[in-house]
Amino acid sequence: MRHLLITVALLTAAPASAEVFEMQAPVREVTLYPQGASLIRIVKAELPVGSHEIVITGLPRDTSPDSLRIAAEGAVIGAVSLQTGRALPSSQPDPAAVQAAREEVQRLERVLRDRDAGIASIRAEVAASEDLVAFLRDLAGSEGAASGNVAELADTVGTRILAARRAGIEAETRALEAEQGREDDVRRLDNARAQLAALQQPSQRDEAALVIAVEGQGGAAEIRIRSNADAASWRPVYDLRLDQEAETLTLERGLLVSQSTGEDWSDVSLTLSTARPSQRSVPSEVHSEIIRALDPQQRRLRGQFAADAAMPMAESDVMLEAAPVVVEPMAKVDFMGATAVYRYGSPVDLRNGVDALRLSLDSRDLPVSTMVAEAVPLYDSTAYLVVESQNTLDEVILPGEAVLYADGAMIGQRQLDLTAAGDEMTLGFGAIDGIVLERRLPDRATGDRGLIRRSTELNETAILSAENLTGRDYTLRMIDRIPVSEQEDLRVDWTASVPPTETDPDGKRGVLVWELPLAAGDRQEITLQTELNWPEDMELIR
């Protein structure tokens, strides 16, 4: 297989014996990135030995020539031209499709002409009936008619007028019936003319064509055309399902894909990659920082107080190195390093600009290491269900929107953070309305009344309580805090009726954590006492 970097080139005149093969090349394989996509079109043809042209029509007009890559089996690729601005070449000046479209236009024109002629003929009968009525009236009022038998003349004229009027009514009815369906004939004719115009002038549509010069080797040839598209993307979506009774957590992964590339994708093989070819592939570069020290007197003499910042480079002692231009390489779509690749198992249809297609990826069980009712009575009046788990998948869990379910009921949504394989996960599954929290301050005393005073001591007692009014047993994780001093002469002493399980978790100074059992119908209470002491000549600020 021969891979060639293709640039837009003008085709030289093909030999007189060259054949031109005009065909479509719909998208067959797609590698979709979080932003952008790589598209592969496949063309198969029987090529005689010698030089030929293959004209691929129907490409989106904004196809980028820079991204085109051509690979061929059974043929050698020559020059390539991406055409959008003039009539496309064709080996058949009046191909079968154009001839069929032209004949359909002619047929529909005859149908419309015949209908209009029939309507006009019936309308003529209506006009003739009206003319006859007018003639009979004039005849009845003439001088010659007055000298004859008036009664006989009246009968004759009346009979003739009645017959003429009946004939006119009948003709008008037939004319209305004949007009029914004419709008449909006109619409079909307009559509046929538009189809003929599109076939005769394909370059005037919102499309481009790719003209490939090839050397046939006398047999079957397959040409793979690869290009990039910007207006396509995918993102992960998740469902997290918690079963409290079984203590299981299931992660259902899905993919939301969309594209507005200018053409529909039908029956394509879809691969989704976490690579980001539209972003930088190298880290930022740190350049030298040049500093100078000048005599202030010299600066005043030179009038440089404001000019230094805008000094022209010709006067500057140092020129900073220009930042480099980063050229993005084409993404390598493989499961390598941190790049995860998902190959969807069945062909996909995705229309241009109208579909937001959700695809199911898989369902994975995650371990539940801890499931607690987390209580923060300092701020909340109820506890929250919190689950600690771990990413046991072989790949990273990408950031994405997750819908949370607890025991089959949807309880909310949250954004999942990027979680590498093996990393811990902390997930909140909503409020437990039946666990009621309270933080009471029954006694607060200061040496001189008030929080901010010239005093030496402050004592505070906080009673933390959690009552379980549900029918389920929980492990309670109670969280509160004590003041933190960074001064030697401001001393903080505290005691708790129940020793905390953990202090300063994750480096959060002064935070206290208790983990206690909380059975259905039970109540847990913790008394936290704090004493602050400071010198008399200082004020306490909280």
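Visitor: Helices (H or I, at least four residues) and strands (E, at least two) are DSSP runs numbered from the N terminus, so which strand holds P60?

Guide: P60 belongs to strand β5, which covers residues 50-60. This is a predicted model, where local features need pLDDT of at least 70, side-chain atom pairs count only at pLDDT 80 or more, and totals for chains, interfaces and linings use all residues. Residues are numbered from 1 along each chain as its sequence is written, and side-chain values use heavy atoms, leaving out hydrogens and water.

Visitor: Is P60 buried or exposed?

Guide: P60 is buried, at 7% relative accessibility (buried is under 20% relative accessible area, exposed over 50%, partly exposed in between, with a 1.4 Å probe and protein chains only).

Visitor: And how far is P60 from E263?

Guide: Their C-alpha atoms are 6.6 Å apart in space, while 203 residues separate P60 and E263 in sequence.

Visitor: How does β21 pair with β26?

Guide: In the antiparallel sense, over 11 bridges (pairing takes at least two DSSP bridges between the strands). In that pairing, E460 faces T530 of β26.

Visitor: What about D537, where does it sit?

Guide: D537 is in the segment after β26, the strand of residues 523-533. D537 is exposed, with 61% relative accessible area.

Visitor: Last one: which helix has L139?

Guide: L139 lies in α1, residues 96-140. L139 is partly exposed, at 38% relative accessible area.
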